[in-house]
Amino acid sequence: MDLNEDEPAGVLATIGATPLVELTRLYPSAGFRLFAKLEGHNPGGSSKDRAALSMLAGEIRAGRLVAGRSVVVESSSGNLGIGMAQVCRYYGIRFICVVDPRTSKQNLAIMRALGAEIEMIEHADPVTGDYLPVRLGRIRELTERLEHAYWPNQYSNPGNPAAHRNTMREIVGQVPGVLDFLFCATSSCGTLRGCAEYARANDLPVTIVAVDAAGSAIFADTPGPRLIPGHGAAVRPGHHADDLADLVVHVADLDSVRGCRRLAAREAILAGGSSGAVVAAVHSVRELVPPGATCAIVLPDRGERYLDTIYDDAWVTTHFGGVPTDEPERVLTRY
């Protein structure tokens with residue numbers, strides 16, 4: 001295998017070019033059109049496949065990551081870990097993923113099946129109550145101890161947002177006419193930054209709506225516990241900038257669950273937790289969208305990895321006191 005090839009080969013060549021579908025049943029009486037970018041159609045099952053390949057491909061081509069010698073170490077709640085495991089397995093590079101107890105058993109099993117080694121953090125940071133600071137500390141320990149270790153650092157690596165400039169290019173090329181609104185979830189802020197940078201570089205008149213988790217530190221919400229992995233962050237990532245989004249919507253975990261179930265019930269799309277948050281955000285601001293507008297939402301991953309949580313009535317009842325109704329009950333915080 002040529003590790004210096006300019007273009008990805010094999011299964012990695014199928015990353016990107018995901019479908020865009022119109023959602024006609026989610027809000028049938030809305031005066032705007034709504035389209036969904038189905039990032040779960042990437043081979044690893046999420047939008048993080050784009051970032052994983054983007055952050056590692058240049059290192060591989062430059063010879064800084066070498067099969068049989070190099071060790072990639074990264075922190076992930078699941079999806080990026082799967083994307084990294086896939087790329088590293090394809091190129092014969094050792095991969096260690098630092099995770100925490102919120103990572104689903106299915107995601108752990110997928111990473112292990114792709115050859116990843118798992119480093120599980122057991123305790124949250126005593127100051128923030130979140131696992132991310134402890135995960136990052138474990139990464140520093142591993143990279144200092146292991147020879148030829150490389151931390152891609154999704155939170156500040158420019159390859160992360162660079163991958164999503166292409167995501168935005170695809171969306172703009174797929175929607176009919178002019179794109180007026182884009183809704184995307186935030187965690188590392190790679191998708192948000194990449195899409196915003198593409199829009200500004202091409203003078204696109206699109207309103208960017210960032211969808212953050214309630215209790216997340218990204219857009220300075222009041223810190224609080226979060227159950228849904230891969231959405232929000234306890235530490236503001238390096239890709240963050242206050243001017244990336246025109247509007248910020250904070251979504252509570254229960255409304256993420258409700259959004260997922262609404263999407264499945266009305267559009268037959270089984271998507272993950274951050275996708276439900278994006279659906280809830282659209283519901284929250286739908287009256288602000290002018291008639292005739294064209295909107296797009298990014299659905300980061302598929303829902304099969306959430307069958308024992310978001311789509312499990314017993315789990316939802318345990319954590320939220322009951323199965324939610326179809327309609328969101330609270331007004332979501334927005335800036």
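Q: Which domains is the protein chain divided into?
A: Domain 1 covers 10–43 + 165–321, and domain 2 covers 47–150. The bounds come from an automatic or database domain assignment. This is a predicted model: local features need pLDDT of at least 70, side-chain atom pairs count only at pLDDT 80 or more, and totals for chains, interfaces and linings use all residues. Residues are numbered from 1 along each chain as its sequence is written, and side-chain values use heavy atoms, with hydrogens and water left out.

Q: What separates the centres of domain 1 and domain 2?
A: 24 Å, taken over C-alpha atoms.

Q: And how many residues does the contact take from each?
A: 28 residues from domain 1 and 20 residues from domain 2. Contact means heavy atoms within 4.5 Å.

Q: What area is buried between domain 1 and domain 2?
A: About 2,000 Å², with 51% of that from carbon and sulfur atoms. Buried area is the accessible area (1.4 Å probe) that two parts lose on being put together, summed over both.

Q: Which residues in domain 1 lose the most area to domain 2?
A: Leu12, Ile15 and Arg305. Together they give 34% of what the domain 1 side buries.

Q: Switching to charges. How many salt bridges between domain 1 and domain 2?
A: Two. The rule wants a side-chain nitrogen of Lys or Arg within 4 Å of a carboxyl oxygen of Asp or Glu.

Q: What do the side chains of glutamate 39 and arginine 50 do?
A: They meet in a salt bridge, 2.6 Å from N to O.
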